Amino acid sequence: MKLYQQLILFMLAATVLPLAVVGFLLLSRAETELSDRIAAEQRTLASSTAESVATTLMKTVDDMAQVAESFDWDHLNDEEVRGALTLVFHQSTAVSAVMRLDASGRALGKPVYSQERDGHPGFDPASLEALAKAMPVQPLRRGEKGTAALGPVYSHTRSGKAAVPVAIKLGPGEGASFVLAELVFKDLEELLARKASDSLERIDLVDRAGNILASSASEPRGKLDGAVQAQLAAEGVNAARSFRAGAPALRVSAARVPQNLGFDVVVSVDEETALAPVRSMRRTVLVSIGAALVVLLALGSLFTRRITARLSLVSSAVEAFGRGELERRVLLEGDDEISALAHTFNQMGSELEAARTRLMRWNDDLRAKVDEAMAELKAAQVQLLEAQKLAAVGQLGAGVAHELNNPLAGILGYVQLMLMSRGDADPDMDTLRKIEQSAKRCKDITQNLLRFSQQRARADLRSVDLNAVVKDALNLTENQMKTEGITLKLELAHPSVRVLSDPGHTSQVLLALVSNARTAMLKTGTKVLTLRTGEREGRGFLEVEDTGKGILPEHRNRIFEPFFTTKDVWSNVGLGLSVAYRIVSEAGGTIDMKTEVGKGSCFTVWLTKA
């Protein structure tokens, strides 16, 4: 896959697709929230409108009933009856006609009705028959005076608009007469228009059959949309509820008018209109994403062409290097990564040229290094032989010490017997005492030599007095240091420090360090060897400090390597610093070194306190 195609896929995966997915998810969520908010507002509007419709109708009926109840209709003449009916008629502009009926439903006198004015359809006397048939007198026959009831909705004869009859009982008993009034929905239409004035919704007042009785819309009334009516009929309207129905889709909420009036308030809005802001935003986002993709593709094309052109120069130089043309260079200007790559490539070419030149000289250098390595190997072999010799000397010393120990014991015994058998005035007493002292000294030397030579393969850790270790080791080396002109300084701890170690191994470590210190001071003017013991930070330590030539920096990391030495003459008397380091490590301790060229060195052996 080429770089351009990879860049396109990367831009799609890293920018366009995530933005598109996130954008459409947010828009879908916004559409859902908007739909929920529309449904909630519709339910609130439907419920409040239903309350207002019930309040308006019942107020009109109550006003007419109060006026009708205030007259004694049985004692009024025709003119007074006409005036009373006129007063009832004028209680509301929704009253289209008023007439008086007897208990059997026959008209008593002439009706009072409206003309075609102020939006009223007027009243056609031919509608009296329909009004009389719709009269709800049956529920009122046993009612009290002033009791009112609403009848079923019927169609106005002249205009075809809906109307509802209202009957008011005018006296007690079943034989009392009634006032029958026709109410049209002019006032309710104005109410619905006011309710819908600040929104996009349409509000309809419908009956159970789906007939639109009043509407906030100005077009002619008819019936509800079939799908909406089917939804209402299927589930009923016990409480304010919302649903989606119709084609094109409508967002509908319905609420039942209280007081069992048989009406429902239906609030509806076209879904396309209600959700237009979100859907318009969705189209805008889609167009923006498409435009962004086109721009990214164009910029990506230009960018990748520039990159591939510059990379081709680097590629051709690589091929030239493969053919051995190390003098080839890449000429690119700029501060970007490819320019940096070209610069690095040119540096590599220069280095390869130099390396090829050096390679021609490496054979001679390698031969010289091989010769040097062979010399070092021979020196190591010499050191190994010396170590084996020292081991043999140690075994020989052990045998000699063992063989000399018995004769020395006899000599010492005989001298002591002679001392006991002679008095202090004997002229041989001084000679015998010198013989006794010399014999004791020889015995001590053989005992120390025997103790030193009898080392165990594994450390026998036990509580050891560091001061005693120092004193035992000095018995073997003190005379040699005096003959070499070395001043010995002892700084032993009081009280003495006891540590966990092997006594023989610890003496071996100390003798190795002392031997190295003596060798380091062979060619120095001031020869001072200081031995210290003590404790610090919960550990015991043994220090050997000299005033020798010191250790060069390049040698300090190798002083504990086997067979490594800086001595001019091979003179190791022990196993060396490497063995000393191993012995101390086996005892759970460490060795620290401080040195300064021309001033001397100080080795500190740290051991665990007993």
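How do the residues of the lining of the largest cavity divide into nonpolar, polar and charged? They come to 9 nonpolar, 2 polar and 1 charged, where Ala, Val, Leu, Ile, Met, Phe, Trp, Tyr, Cys and Pro count as nonpolar, Asp, Glu, Lys and Arg as charged, and the others, Gly among them, as polar. Welcome to this structure, a predicted model in which local features need pLDDT of at least 70 and side-chain atom pairs count only at pLDDT 80 or more, while totals for chains, interfaces and linings use all residues. Residues are numbered from 1 along each chain as its sequence is written, and side-chain values use heavy atoms, with hydrogens and water left out.

**The chain as a whole**

- The chain holds 12 helices and 18 strands; these are DSSP runs, with helices (H or I) of at least four residues and strands (E) of at least two, numbered from the N terminus.
- Of the 610 residues in the chain, 40% are buried, and buried means under 20% relative accessible area, with exposed over 50% and partly exposed in between (1.4 Å probe, protein chains only).
- Among contacts (heavy atoms within 4.5 Å) with a separation of 6 or more, 62% are accounted for by residues 24 or more positions apart.

**Two nonpolar cores**

- A nonpolar core is a set of buried Ala, Val, Leu, Ile, Met, Phe, Trp, Tyr and Cys residues joined through side-chain atoms within 4.5 Å.
- The largest such core has 43 residues, and V53, F185, L205 and V257 touch the most other members.
- Helix α1 (residues 3-69) gives this core its largest share, 11 residues.
- As background, nonpolar side chains tend to be buried together in soluble globular proteins.
- Leaving out residues up to four places away in sequence, L205 touches a list of residues that includes V53, F185, L188, L192, V257 and F263.

**Two cavities**

- A cavity is a set of points, on a 1 Å grid over the protein atoms alone, where a 1.4 Å probe fits but cannot get out, and its lining residues have an atom within 4 Å of a point.
- The count comes to 2 cavities of 30 Å³ or more, with grid points joined across faces, edges and corners and a volume being the space filled by probe spheres set on the points.
- The largest cavity has a volume of about 80 Å³.
- Its lining has 12 residues, and T506, V509, I583, V584 and L607 are the closest to its centre.
- Helix α11 (503-520), α12 (576-586) and β18 (600-608) each supply at least two residues of that lining, and α11 provides the largest share, 3 residues.
- The second largest cavity has a volume of about 50 Å³ and is lined by T56, L57, T60, A94, L183, V184, D187 and L188.
- Two or more residues of this second lining come from each of α1, β6 (178-184) and α4 (186-195), with the largest share, 3 residues, from α1.
- The lining of the second largest cavity divides into 5 nonpolar, 2 polar and 1 charged.

**Buried residues to look up**

- I289 is found in helix α7 (residues 276-322) and counts as buried because its relative accessible area is 16%.
- The C-alpha atoms of I289 and L19 are separated by 8.0 Å, although these residues are 270 residues apart along the chain.
- T477 sits in helix α10 (residues 466-483) and is buried, with a relative accessible area of 7%.
- Not counting residues up to four places away in sequence, T477 touches L511, V514 and R518.
- E543 belongs to strand β16 (residues 539-545) and counts as buried at 8% relative accessibility.
- The side chain of E543 makes a polar contact (2.9 Å) with the side chain of T604; a polar contact is a pair of N or O atoms within 3.5 Å, and within protein one must be able to donate a hydrogen and the other to accept it, while residues adjacent in sequence count only if both atoms are side-chain atoms.
- With residues up to four places away in sequence set aside, E543 touches T530, L531, R532, C602, F603 and T604.

**Backbone details in loops**

- The peptide bond from H494 to P495 is cis, with omega near 0°, and P495 is found in the loop between β13 (487-491) and β14 (498-501).
- E537 has a positive phi of about 55° although it is not a glycine.
- The loop between β15 (528-536) and β16 holds E537, which counts as exposed at 77% relative accessibility.

How values were computed:
1 Å grid on protein atoms, 1.4 Å probe; cavity = no way out; pocket = protein on both sides within 12 Å on 5 of 7 lines; lining within 4 Å.
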